[in-house]
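Biologist: I've just opened this one and could use a guided tour. Can we go through it together, piece by piece?

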Amino acid sequence: MTASAQDKLTDLFIIGGGINGCGIARDAAGRGLSVTLAEMNDLASATSSASTKLFHGGLRYLEYFEFRLVREALIEREVLLKAMPHISWPRRFVLPYHEDMRFETDTPTSKLLNLFMPWMKGRRPAWLIRLGLFLYDNLGGRKILPPTSTVDLRSTPEGAPLQERFEKAFEYSDCWVEDARLVVLNARDAEARGARILTRTEVISAAREGDHWRIETRNSENETEVYRARMLVNAGGPWVGDIIQTRIRLNSREGVRLVRGSHIVTRRLYDHDKCYFFQGTDGRIIFAIPYETDFTLIGTTDVEHSAPGRKPECTPEEQAYLIDFANQYFKRQLTTDDVVHTYSGVRPLYDDGASSATAATRDYTLKIDAAGGAPVLNIFGGKITTYRRLADSALEKIGKHLTVAKGSWTAGVPLPGGDFPVDGVENLVQELQEAHPFLDQFWARRLVRAYGTEARKVLSGAGEARDLGRDFGATLTEAEVIWLMQREYARTAEDILWRRSKLGLRLSAKQAQTLADWMAQRAGSTPAAAE
């Protein structure tokens with residue numbers, strides 16, 4: 001060990017580098033607490049990079065009467081949009097209506113309708129969808145996003161890719177977010193405010209020693225360290241239960257329900273930039289979303305997942321389910337040959353005893369255990385839209401055990417690169433192209449959408465493309481890779497191609513290997529932490 005545990009005393013030690021862990025780290029560091037965060041893999045390497053990538057209220061949660069969750073999420077959409085306009089932006093969602101639409105049978109809404117309107121036989125009536133969208137428009141005090149409207153699918157671009165039986169649709173607003181970049185930017189901001197971010201560092205044990213925790217870690221170089229902390233936060237995501245049982249060894253009755261959500265990616269299926277919200281005859285819903293300019297993202301499933309150590313993968317059955325679901329709507333019938341990529345993540349939902357994976361609550365639950373001495377906060381559930389509010393709630397609980405000098409502060413405070421107006425992307429793209437004329441529209445826009453105002457730093461001093469060094473393909477250059485390694489904790493080609501970006505969709509296997517080899521050669525001389 002390179003230093004004594006006394007030298008590594010910290011107020012808060014956070015286990016887990018997903019959105020909840022990094023969000024809490026940023027909030028706590030900004031309130032003056034000393035913070036150390038350990039992530040056993042790359043940041044956002046699990047659930048937080050495998051979402052449907054939406055800041056949304058969760059329209060379907062209204063059927064479960066989760067009004068508090070929906071209202072909180074709706075309010076947060078615009079708060080977050082203002083703080084990160086480079087990685088989040090408004091999207092319009094088209095919800096085609098047909099009388100075959102059905103409820104999932106165990107929602108409170110479906111049970112009430114079956115009781116009082118049995119002749120509906122489980123159908124979702126148009127008036128109920130419109131009522132739900134009215135609530136969706138008004139629960140969260142919407143100011144930026146446009147309201148719901150009705151679309152005639154027979155004569156509009158939105159109807160062109162759909163089967164002719166769909167004549168009417170409702171159109172509403174939600175927001176897109178680059179989920180993995182959101183995590184990394186929270187980590188960077190946390191570190192800029194004094195937090196210590198440890199990636200590829202696994203917590204192998206944590207034990208109470210009086211009024212402190214003694215935490216032992218091991219990194220990817222097999223080096224062990226010991227830290228001491230006044231309070232522990234278990235933000236392990238799918239591993240939250242495993243950490244409670246095998247690392248912290250608490251006698252806890254709190255449970256986590258692992259639910260796998262899988263997605264497929266196809267080549268672009270239609271020409272406009274709006275998303276689709278599809279309702280199935282089984283009561284479930286999926287989205288079809290324009291993705292990375294030239295692709296369409298379709299998902300998600302809700303399937304019970306057996307264990308956090310089992311790698312989540314989109315099974316052939318899930319892939320077939322999503323294809324069959326989409327084929328109920330699109331004129332062009334998809335096959336497995338159309339799928340160019342799949343991904344899957346595990347949602348660590350609080351086990352509320354729901355009868356199905358779909359019905360399990362998406363709300364977060366925070367539980368403190370201080371019975372044995374030093375306190376630990378265990379984080380269950382949550383959704384990416386409410387990560388900031390979850391962090392704020394966590395700090396309220398932490399403040400009952402540690403002295404917190406500052407109150408809530410994160411609302412409206414930009415993340416790195418987000419210091420420009422919500423409608424300022426086009427101006428930034430234009431400015432970047434004027435300053436660096438070698439950039440085409442795709443390249444400039446990709447950089448702005450990734451780095452915002454920091455794109456200028458990525459390109460600093462470049463008068464022509466060759467000034468950026470080696471070209472790895474698909475506009476990824478040596479200068480950008482160095483930025484990601486020095487500033488954004490990237491260690492491997494996978495970190496860059498599938499989390500810091502989605503350029504893995506565009507690079508060939510040979511190009512990806514070239515990048516991997518180059519990064520491996522440089523790794524010894526390049527800091528992995530943000531600077």
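Biologist: What is the mean pLDDT of the chain?

Modeller: pLDDT is the predictor's confidence in each residue, from 0 to 100. Here 90% of the residues reach 70 or more. Residues 527-531 stay under 50, and where pLDDT is low, the predicted coordinates should not be read in detail. The mean for the chain is 91.

Biologist: Is Arg 77 buried or exposed?

Modeller: Arg 77 sits in helix 2, residues 67-83. Leaving aside neighbours within four places in sequence, its contacts (heavy atoms within 4.5 Å) include Phe 55, Tyr 136, Asp 174 and Thr 385. On the scale used here, buried means under 20% relative accessible area, exposed over 50%, and partly exposed in between, with a 1.4 Å probe and protein chains only. At 3%, Arg 77 is buried.

Biologist: Which residue lies 9.6 Å from Leu 162, C-alpha to C-alpha?

Modeller: Leu 162 is in the loop between strand 5 (149-152) and strand 6 (168-177), and with a relative accessible area of 1% it is buried. Beyond four places in sequence, Leu 162 touches residues including Pro 96, Phe 278 and Lys 331. The residue you want is 108 places away in sequence: Tyr 270.

Biologist: Which residue partners Asp 294 in a salt bridge?

Modeller: Side chains of opposite charge can pair when their charged atoms come close. The cut-off for a salt bridge is a side-chain nitrogen of Lys or Arg within 4 Å of a carboxyl oxygen of Asp or Glu, and the whole structure has 36 of them. For Asp 294, the closest N and O atoms are 2.9 Å apart, and the partner is Arg 506.

Biologist: How many residues apart are Asp 294 and Arg 506?

Modeller: Asp 294 is in the loop between strand 13 (285-291) and strand 14 (295-299), while Arg 506 is in the loop between helix 13 (493-500) and helix 14 (509-522). Asp 294 is partly exposed at 33%, and Arg 506 is partly exposed at 26%. This pair links distant parts of the chain, and the gap in residues is 212.

Biologist: Which helix holds both Asp 495 and Arg 499?

Modeller: Those two form a salt bridge, with their closest N and O atoms 2.7 Å apart. Asp 495 is buried at 0%, and Arg 499 is buried at 8%. They lie 4 residues apart, about one turn, in helix 13.

Notes: Residues are numbered from 1 along each chain as its sequence is written. This is a predicted model: local features need pLDDT of at least 70, side-chain atom pairs count only at pLDDT 80 or more; totals for chains, interfaces and linings use all residues. Side-chain values use heavy atoms; hydrogens and water are left out. Helices (H or I, at least four residues) and strands (E, at least two) are DSSP runs, numbered from the N terminus.
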